[in-house]
Amino acid sequence: MRVIFKKRNNIPTDTETVRRIAETFNLSGKLAELLLVRCIPEEIGAFLNPDIRNMHDPFLFYDMKTAVQIISAHISDGKKIAIFGDYDSDGVSAAAILYLTLKKMNADVSVFLPSRSEGYGLSLTAVSKIAQSGAELLITVDCGISSAHEVRAAREAGMAVVITDHHECPDELPVADAILNPKRKGETYPFRDLAGGGVAFKLAIALAGKNAFELIDLAAVATIGDVVPLLGENRIIAAKGLYKLNVAPILGLDILMEEAALKKRPVDSEGIAFGLVPRINASGRMEDPRTAFELLCGQKDRAQLEAFAKKLCALNTKRQSVQESIIKEGLFMAEAYAKERVLVLQNDDWDTGIVGLAASALTGAFAKPALLFGFRDGLYVGSARSVPGVNIYEALKNNEDLLESFGGHAAAAGMSVKKENLSRLREALKRYMLDNYAEEDFIKKAFYDMETSLLEVTGDLVGEIKKLMPFGCGNESVKLLLREVDVIEKRPIGNGSHSRLRIAQGGAVMDAVAFKTKCDEIPARMDVLASPQINDYNGNVEVVLDAISI
Ligand SMILES: [Mn+2]
């Protein structure tokens with residue numbers, strides 16, 4: 001497949017600033033450059049040394065004082081408190097953070113989580129269930145900001161309501177007793193990008209002081225799981241949470257890491273993103289988020305917790321195989337639309353909880369937006385994923401009249417459509433992509449940080465790049481562009497689906513590995529995007545080839 005290499009961030013880095021940053025922080029010029037495309041010069045010190053002391057005071061939230069007063073009053077009066085969360089890793093972690101904090105303060109607290117079939121957010125059914133439990137205070141985590149109607153019902157049922165959320169705010173906010181949302185209009189909190197678990201963590205700090213930092217590993221799982229930018233306060237949460245995860249994790253995460261075989265080497269942000277988060281998500285995606293919640297709380301006996309962890313691993317394996325079979329069918333069906341700029345595929349048997357993950361894979365494989373639909377309650381219910389530069393939300397909005405519901409953003413959306421409207425939607429989106437985008441928008445892009453030569457890829461550089469960790473959204477792992485590399489040796493590994501190579505450029509020779517690329521797909525000379533690393537077995541520097549241009 002044709003690939004266009006693009007520089008990730010075209011911020012001009014003037015040589016004088018690069019020199020000054022390199023000198024001030026005792027770094028190579030290369031690392032100074034990599035830093036300058038990630039953050040402004042004034043923030044480099046804080047970026048290099050994530051420090052809890054640089055976190056903002058939770059009482060900077062406009063409503064924090066009120067929220068703490070209400071919660072404290074309910075605790076001291078012995079009144080019942082209910083937490084309502086979400087079924088994904090962010091929502092479940094947020095619920096666990098607040099539950100454990102309130103429990104330690106001797107609150108009479110219980111947790112309610114929606115099942116996936118009930119859908120995201122507070123519902124009237126949930127509100128009446130919570131009211132019946134005798135709760136006099138409802139605290140939402142990772143949701144609530146778009147639930148004006150349900151919040152009104154909760155208050156009419158006699159409950160006080162504290163909303164903690166991080167989603168974009170609607171024009172009309174719910175009328176609640178306190179609202180903590182860093183994206184709220186007029187909000188005084190200085191950092192907008194907290195995850196739902198991040199907001200819950202700030203509330204926990206406001207309630208329990210430094211004791212709350214015992215839960216920072218859970219806050220890191222929420223933050224990385226929700227794919228919010230790992231910059232500013234999120235970078236501190238992720239870095240310090242990872243540190244704790246490796247030296248003294250909370251019991252539930254410790255058991256899950258053990259069960260998932262993640263403890264052979266230090267866990268990094270990718271270990272959270274690809275090891276822990278999918279297992280926590282599998283709970284709500286395949287069954288009931290309660291299993292993940294109970295595990296994270298760690299309040300049952302060890303055997304019980306191990307059984308929960310085993311269950312999450314098994315559900316995740318099942319999720320993977322369901323996902324693989326959807327991808328396989330999708331790849332086959334996509335052939336019929338090879339010339340189109342958008343894929344709209346449906347199958348009545350596809351699991352509507354998994355189609356989004358499969359859509360991502362198809363978008364990656366074909367460099368065009370993919371919409372995958374399963375069938376539920378009389379409607380095609382689906383998920384869309386798009387490529388950088390093609391706004392799928394706008395495309396759907398433009399065809400609103402064909403849809404029963406839709407929501408999302410430029411890169412990902414969810415939608416439902418009547419059976420008889422699906423082929424009209426496909427035709428309309430095909431037309432829309434032709435009218436609004438250029439051919440280049442549908443050619444695969446691979447983003448790099450800097451062009452360099454193989455000679456400059458050294459153990460020192462690998463060591464320096466580590467200072468930029470943890471990597472994630474907004475602080476992507478470093479990719480180097482190497483042009484005109486010669487392949488001097490190649491051999492198949494992993495049943496022939498991957499390749500091991502010796503590559504050469506300008507007098508330097510190095511080992512390289514290309515995953516999901518067969519030997520016969522590798523040309524004699526190529527441009528590549530490479531991630532440098534140290535080989536675990538022989539200690540040599542080598543590169544992982546992330547993209548190859550033929
Ligand atoms: Mn969230």
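Residues with a relative accessible area under 20% are termed buried, those over 50% exposed, and those in between partly exposed. The legends below refer to a predicted model.

View 1. The manganese ion has as protein donors Asp90 (OD), Asp142 (OD), His166 (NE2) and Asp226 (OD), at 2.1 to 2.8 Å from the ion. Along the sequence, these donor residues follow the spacing D-x51-D-x23-H-x59-D. Distant parts of the chain are linked here: aspartate 90 belongs to helix α5 (residues 89-104), while aspartate 226 lies in the loop between α9 (216-225) and α10 (232-247), 136 residues apart.

**View 2. Accessibility of two manganese donors, Asp90 and Asp226.** Aspartate 90 has a relative accessible area of 0% and is therefore buried.

**View 3. Open sheet of 5 parallel strands.** The strand order is β3-β2-β4-β5-β6. At the edges stand β3 (108-112) and β6 (178-180), each of which pairs on one side only. With direction ignored, neighbouring strands of this sheet are turned by 15° against each other on average.

**View 4. Pairing of β5 with β6.** Strand β5 (residues 160-164) pairs with β6 in the parallel sense, over 3 bridges. Isoleucine 163 is placed opposite isoleucine 179, a residue of β6.

**View 5. Helix α6 lying across strands of the sheet.** Helix α6 (residues 124-132) lies across β2 (80-84), β3 and β4 (137-140). Relative to β2, helix α6 runs at about 160°.

Technical notes
Residues are numbered from 1 along each chain as its sequence is written. This is a predicted model: local features need pLDDT of at least 70, side-chain atom pairs count only at pLDDT 80 or more; totals for chains, interfaces and linings use all residues. Side-chain values use heavy atoms; hydrogens and water are left out. Two strands pair if DSSP finds at least two bridges between them. Helices (H or I, at least four residues) and strands (E, at least two) are DSSP runs, numbered from the N terminus. Axes are lines fitted to C-alpha atoms, for helices over the stretch in contact, and angles run from 0 to 180 degrees between N-to-C directions. Contact means heavy atoms within 4.5 Å. Donors are N, O and S atoms within 2.8 Å of the metal (3.2 Å for Na, K and Ca); water is not among the atoms, so sites may look incomplete. Buried means under 20% relative accessible area, exposed over 50%, partly exposed in between (1.4 Å probe, protein chains only).
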